[in-house]
Amino acid sequence: MSAANYTTTEMMTVAASRLLKNGAVCFVGIGLPSTAANLARLTHAPDIVLIYESGPIGAKPEVLPLSIGDGDLAERADTVVSTPEIFRYWLQGGRVDVGFLGAAQIDKFANINTTVIGDYQKPSTRLPGAGGAPEIASCAKEVVLVLKQSPRAFVKKLDFLTSVGYLDGGDARKRLGLPGNGPSAVVTDLCLMRPNEATKELTVAQLHPGITREQVQKATGWEIKFAANVPETAAPAENELRVLRDLLHRTAVAHGQTPAA
Amino acid sequence: MAEIISLREAIGSLLRDGDTVAMEGFTHLIPFAAGQEAIRQGRKDLTLIRMTPDVIYDQLIGAGCAKKLIFSWGGNPGVGSLHRLRDAVEKDWPKPLEIQEHGHGDLSNAYVAGAANLPFAVLRAYAGSELPQHNKNIRFVECPFTGERLAAVPAIRPDVTVIHAQKADRKGNVLLWGILGVQKEAVLAAKRAIVTVEEIVDNLNAPPNACVLPSWTLAAVCHVPGGARPSYAHGYYDRDNRFYQAWDDISRDREVFLNWIKKHILDTEDFSAFQRVLNESTKEQLV
């Protein structure tokens with residue numbers, strides 16, 4: 001595994017991008033989800049429709065946006081609508097196939113926290129907050145989550161439940177009557193997890209190349225379950241890596257940052 | 001009809017201590033010049049509303065202008081934390097800041113309800129979320145037709161809304177384009193609206209479905225070229241990403257922040273003087 005010619009972050013981004021089907025309508029959060037969604041658009045899914053909460057529909061950014069409302073998103077979109085319209089007609093209207101989100105904390109039923117670490121009234125860390133995530137988690141037909149795996153992020157109990165996954169598991173989400181089906185996958189730098197069909201508990205479905213079960217357990221704050229059969233994720237193809245690195249490079253140049261070597 | 005006046009006059013006559021104010025612009029067209037003029041004039045006890053507080057409210061909060069913040073995402077986009085917002089929430093500095101937090105969907109719906117003169121907005125969200133336990137302004141109602149349980153939030157009706165736009169004509173009709181966020185709704189929901197613009201022209205030449213705010217919906221239009229910097233104005237200038245990154249260092253330390261505010265805002269007479277001083281500071285740092 002030391003011979004791998006890619007980083008674990010690249011593996012995570014590539015694995016996430018592969019989950020997006022060509023033609024899917026994808027509501028994209030900023031950061032890793034946006035990177036993975038654009039990688040999908042530039043590789044296997046040229047007809048994917050990217051929606052950003054600031055208003056662009058069918059965005060085709062030349063470089064990754066630094067903020068959720070960069071001008072490049074509007075310039076090259078099919079159309080740009082107001083933010084209320086994005087949430088009312090397009091997301092709540094049921095037109096989004098995949099909501100693509102990150103999180104600060106996640107629990108075993110894929111509920112997420114982006115609000116506070118510590119007590120709400122006197123937080124030890126005040127996080128940015130909900131953004132569009134509660135509505136995306138409610139209304140997108142499915143949700144894909146991307147975040148790095150560590151015991152601080154994959155916790156037994158969330159400090160705050162911002163956006164709902166499967167609540168207490170089983171049919172708890174169904175009973176809430178939300179239109180969306182909930183998270184279908186969680187992609188990390190170590191593995192890919194899917195909710196168990198009955199219990200809805202996150203279960204390791206794929207291990208990235210060279211990653212052991214022990215590593216995954218060590219990076220998880222609860223006793224993680226593994227599927228009966230856990231195949232290895234296909235390593236990033238040459239094409240995927242080249243497109244990803246080109247994208248990140250021209251993004252860094254465009255935003256006046258020093259490109260990674 | 002909008003009066004075409006200076007930004008100093010507009011903030012001086014239309015924004016009062018204790019007001020509820022929305023300075024909107026979703027990453028694009030953020031009315032920075034107007035926010036800084038409020039700091040310069042020492043406004044106090046403001047209730048600030050904004051979907052994404054951004055650096056504009058970090059400055060107002062750190063400068064002690066705010067008593068309450070209503071928001072849905074409070075970060076420095078592409079960079080990280082808003083340190084002044086965090087210091088106020090975590091350590092009560094420079095004073096305690098009451099917060100009322102929402103999600104983008106519900107806050108944007110609340111502006112729509114305000115513009116539509118309805119008491120509340122209704123949406124499908126928050127089942128299972130803990131936000132309603134901490135925000136009594138997110139509640140649930142039953143649909144009278146189907147019985148479905150839906151989230152409800154009260155309409156937003158700011159005393160003052162401030163936005164930045166690309167163009168106005170000489171009568172004060174305003175045209176904006178690109179990413180529009182909730183600006184139109186925020187203006188129509190407000191008692192008084194102030195718009196700063198890049199330029200004032202004879203004719204807007206707006207196509208039929210363009211986003212035009214008629215002069216009679218506005219209180220004041222102010223000619224402030226560059227007034228959205230360091231955010232951007234589509235067709236005029238790009239986002240100053242370097243400033244957003246530099247803000248991380250400026251805002252991290254109370255002393256550094258206070259010196260920056262004093263030198264660039266309190267000790268400058270208006271936004272063009274601010275830009276001059278900021279350019280000098282930027283050059284010094286590059287040397």
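These questions and answers walk through a predicted model with chains A and B.

Q: How many residues does the contact take from chain B, and how many from chain A?
A: Both chains give residues to the contact. On the side of chain B that touches chain A, the classes are 16 nonpolar, 19 polar and 11 charged residues. The totals are 46 residues from chain B and 43 residues from chain A.

Q: Which helix of chain B gives the largest share of the side that touches chain A?
A: Several elements of chain B give two or more residues to this side, including helix 4 (83-91), helix 7 (183-189) and helix 8 (241-252). Helix 5 (104-115) of chain B is also one of these elements. The largest share is six residues, and they come from helix 5 of chain B.

Q: Is Ala133(A) buried or exposed?
A: Start with its place: Ala133(A) is in helix 5 (residues 133-139) of chain A. A residue needs 20 or more C-beta neighbours within 10 Å to count as buried. Ala133(A) has 30 inside 10 Å, so the residue is buried.

Q: Which residue of chain B does Ala133(A) touch?
A: Leave out residues up to four places away in sequence. In chain A, Ala133(A) then touches Leu101(A), Ile112(A), Thr114(A), Thr162(A) and Ser163(A). From chain B, the residue touched is Gly103(B).

Q: Why does Phe27(A) count as buried?
A: Phe27(A) lies in strand 1 (residues 25-28) of chain A. Its contacts include Ile51(A), Leu91(A), Phe100(A) and Ile136(A). The cut-off for buried is 20 or more other C-beta atoms within 10 Å. Phe27(A) counts as buried because its C-beta neighbours inside 10 Å number 29.

Q: How many Å apart in space are Phe27(A) and Thr79(A), C-alpha to C-alpha?
A: Sequence first: 52 residues separate Phe27(A) and Thr79(A). Now take the distance in space, from C-alpha to C-alpha. For Phe27(A) and Thr79(A) it is 15 Å.

Q: Are helix 1 and helix 2 of chain B parallel or oblique to each other?
A: Two packed helices are described by the angle between their axes and the distance between the axes. For helix 1 (residues 7-14) and helix 2 (residues 32-40) of chain B, the axes are 10 Å apart and the angle is about 60°. Roughly parallel needs an angle under 35 degrees, and roughly perpendicular starts at 65. Helix 1 and helix 2 of chain B are therefore oblique.

Q: Which residues in helix 2 of chain B meet helix 1 of chain B?
A: The crossing of these two helices of chain B is right-handed. Helix 1 of chain B brings Leu7(B), Arg8(B) and Ile11(B) to the contact. By class, the contact has five nonpolar, no polar and two charged residues. On the helix 2 side are Ala33(B), Ala34(B), Glu37(B) and Ala38(B).

Q: How many residues of helix 3 of chain B are buried?
A: Helix 3 of chain B covers residues 54-62 and is mostly covered. Among its buried residues are Asp54(B), Tyr57(B), Leu60(B) and Gly62(B).

Q: At roughly what angle do helix 3 and helix 4 of chain B cross?
A: The axes of helix 3 and helix 4 of chain B come within 7 Å. Their crossing is left-handed. Tyr57(B), Asp58(B), Ile61(B) and Gly62(B) in helix 3 meet Arg84(B), Leu85(B) and Ala88(B) in helix 4. The angle between helix 3 and helix 4 of chain B is roughly 45°.

Technical notes: Residues numbered from 1 in each chain as written. Chains lettered and ligands numbered in written order. Predicted model: local features only at pLDDT ≥ 70, side-chain atom pairs only at ≥ 80, totals over all residues. Contact = placed C-beta atoms within 7 Å. Helix = DSSP H or I, 4+ residues; strand = E, 2+ residues; numbered from the N terminus. Nonpolar A, V, L, I, M, F, W, Y, C, P; charged D, E, K, R; others polar. Buried ≥ 20, exposed ≤ 12 C-beta atoms within 10 Å, placed from the backbone. Axes fitted to C-alpha atoms, helices over the stretch in contact; angles between N-to-C directions. Parallel < 35°, antiparallel > 145°, perpendicular 65-115°, else oblique. Left-handed = near helix turned anticlockwise from the far one by under 90°.
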